[in-house]
Amino acid sequence: NYRQLLEDVTLHPAMGYYLNMIGSKKANAAKGTHPNENYAREVMQLFSIGLVKLNPDGSRVLDAQGKPVPTYDQAVVTGMAAAFTGWNFAGNDTSNAAIFNPAKENWLDPLVPWEMHHDTDPKALFDGIVLPAGQGARKDMKDALDALYNHPTVGPFIGRELIQRFVT
């Protein structure tokens, strides 16, 4: 189903490399670093909920001023990016922080979590969904993807994308 496809794409090494999820680490205030937001933004914008909320018929949900209602904002991108931290190529010693970057490249197996690099703080997503603190990389990824999959805009958004690309 589409939920499984989202997970398979998320954990595929080529996608992780292309959209910078591989090697994305939790924020480090002392170093001024933060998780890479590229995959978080793209999984929402291109692969699941798009930029604006849609009604079941594909029309845009409008606010009181007649403007489209966004599906997410920068705070959601930040929360999603934190949910996708700590993943890298399979086949390495995930207990050895030194191997995380650079890691031996394994392009055949799904990405694996390196918990020491995963953000364990709570993560605010969209529509009031908050991932609790301390869940771990696998649970945060699962919950983030479940939230995307269950968003009411997914059906109309993906349906429209498929129609645009496969119907002539």
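1. Asn20 first: at 33% relative accessibility, Asn20 counts as partly exposed, a class that runs between buried (under 20% relative accessible area) and exposed (over 50%), computed with a 1.4 Å probe on protein chains only. Asn20 sits in the loop between helix H2 (13-18) and H3. Phi of Asn20 is near 65°, a positive value in a residue other than glycine. Helices here are DSSP runs of H or I with at least four residues, strands are E runs of at least two, and both are numbered from the N terminus.

2. Before going on, some bookkeeping. This is a predicted model, where local features need pLDDT of at least 70 and side-chain atom pairs count only at pLDDT 80 or more, while totals for chains, interfaces and linings use all residues. Residues are numbered from 1 along each chain as its sequence is written, and side-chain values use heavy atoms, with hydrogens and water left out.

3. You'll find Asp127 in the loop between strand E3 (123-124) and strand E4 (130-131), and at 47% relative accessibility Asp127 counts as partly exposed.

4. Now the helix pair. Helix H3 (residues 38-45) and helix H4 (residues 74-83) pack at about 115°, with axes 8 Å apart; the axes are lines fitted to C-alpha atoms over the stretch in contact, and angles run from 0 to 180 degrees between N-to-C directions. H3 passes H4 in a right-handed crossing, meaning that the near helix is turned clockwise from the far one by less than a right angle.

5. Who touches whom? From H3 come Ala40, Arg41 and Met44, and they meet Gln74, Val76, Val77, Met80 and Ala81 in H4, with contact taken as heavy atoms within 4.5 Å. The residues of this contact divide into 6 nonpolar, 1 polar and 1 charged.

6. H4 is mostly covered, with 7 of its 10 residues buried: Val76, Val77, Gly79, Met80, Ala81, Ala82 and Ala83. These buried residues pack against H3, E3, E4 and helix H5 (137-150). At the start of H4, a side-chain oxygen of Asp73 reaches to within 3.1 Å of the backbone nitrogen of Ala75.

7. On to the rings. The structure holds 4 aromatic pairs, counted when ring centres of Phe, Tyr and Trp (its six-membered ring) lie within 6.5 Å; planes under 30 degrees apart are stacked, over 60 edge-to-face and the rest tilted. One of them is Tyr39 with Phe84, edge-to-face at 5.4 Å centre to centre and 80° between the planes. This pair links distant parts of the chain, Tyr39 in helix H3 and Phe84 in the loop between H4 and strand E1 (87-88), 45 residues apart. Tyr39 is buried at 2% relative accessibility, and Phe84 is buried with a relative accessible area of 2%.

8. Phe89 and Trp107 also pair edge-to-face, 5.1 Å centre to centre with 65° between the planes. Both lie in the loop between E1 and strand E2 (112-113), 18 residues apart. Phe89 is buried at 4% relative accessibility, whereas Trp107 is partly exposed at 37%.

Notes:
Nonpolar A, V, L, I, M, F, W, Y, C, P; charged D, E, K, R; others polar. Polar contact = N/O pair within 3.5 Å; in protein donor to acceptor, adjacent residues only side chain to side chain.
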